[in-house]
Amino acid sequence: MDDKNIIKLHWDKRSQTYGKNSYRSQDEAQHLWKGILKNAICTDERLSILDVGVGTGFLALLFSEMGHSVTGIDISKGMLEKARHNAGKMGLSIDLMHADAENLLFEDEIFDIVINRHLLWTIPDPGSAVNEWSRTVRSGGKIILIDGKWHDYAINMRLRRFISKMLVSMTEKRDPRLFTSHYDRIKNRLPFFSGSTPDDVVDLFSKAGLKNISLDNLEELEKFETENRPLAYRIANKPSLYLALGEK
């Protein structure tokens, strides 16, 4: 089985439980995220937006609520079904497609914004992916990437992740070994498996020819994540989030 099929298989299985109990207050989370997104796009005009790695539709649905035309793609059909379900519950319309983040099936320069959240770590060829995203953005459009540093291999963090797995098993009724059973086979072939730094993304954006690159450390979001995520998540993670933006 090749790497992308392993990734697809993991997220198809994970889609059954992904997103449950992600925040103590979903309304507060959505309000905070809408503020972040509005600051990033800097316009009240209706935009054409592509969400790469749409997952359960979190960002795509926020953009749709804000009045934008949204397309979401994902390598996992299970995640796409979850996003469709969530859109239907909210009475929102987003265009969802099964596709590969590194090989987009879109014409050149058709989106105003290409965005993704927490995706870079699971892409085998990040440089090719960013080039593809840039190809589909109109001149003057933006690529927005939200990421962070995930896997701290210090002994204390390894112990915290072990405790977190035990909590997940007891409280969320899912097997925390699902992740390692898939990703241990391919993690050495994923350049940003441990997470990415702002400098990493600035380098990727620069090589793709993007300009006016800017960074936001998302300090308010980090504080919110620390206070409002489930206990198992807070034990296993030390939020180190940022938003990188580049213009075409």
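**Aromatic pairs and overall organisation**

Tryptophan 121 and tyrosine 183 are both buried in this predicted model. Together they form a ring pair whose geometry can be described in some detail. The structure contains six aromatic pairs. In the pair of tryptophan 121 and tyrosine 183, the ring centres are 4.9 Å apart and the planes meet at 45°, so the arrangement is classed as tilted. An angle under 30 degrees would have counted as stacked, and one over 60 as edge-to-face. The two residues come from distant parts of the chain, being 62 residues apart. Tryptophan 121 is located in the loop between β4 (111-117) and α5 (126-136), whereas tyrosine 183 belongs to helix α7 (residues 177-183). Ring pairs also extend to other residues, and a cluster is formed by Trp11, Trp121, Tyr183 and Phe193.

A further contact with a ring involves a charged side chain. Arginine 117 is placed over the face of tryptophan 33, with a distance of 5.1 Å to the ring centre.

At the level of the whole protein, the secondary structure comprises 10 helices and seven strands. The protein has 248 residues, and 48% of them count as buried. Among contacts in the protein with a separation of 6 or more, 77% are between residues 24 or more positions apart. The accessible surface of the protein amounts to about 12300 Å², and carbon and sulfur atoms contribute 49% of this area.

How values were computed. Residues are numbered from 1 along each chain as its sequence is written. This is a predicted model: local features need pLDDT of at least 70, side-chain atom pairs count only at pLDDT 80 or more; totals for chains, interfaces and linings use all residues. Side-chain values use heavy atoms; hydrogens and water are left out. Helices (H or I, at least four residues) and strands (E, at least two) are DSSP runs, numbered from the N terminus. Buried means under 20% relative accessible area, exposed over 50%, partly exposed in between (1.4 Å probe, protein chains only). Contact means heavy atoms within 4.5 Å. Accessible areas come from the Shrake-Rupley method with a 1.4 Å probe; for residues, only the protein chains shown count as cover. Rings of Phe, Tyr and Trp (its six-membered ring) pair if their centres lie within 6.5 Å; planes under 30 degrees apart count as stacked, over 60 as edge-to-face and the rest as tilted. A charge sits over a ring if NZ of Lys or CZ of Arg is within 6 Å of the ring centre and within 35 degrees of the ring normal.
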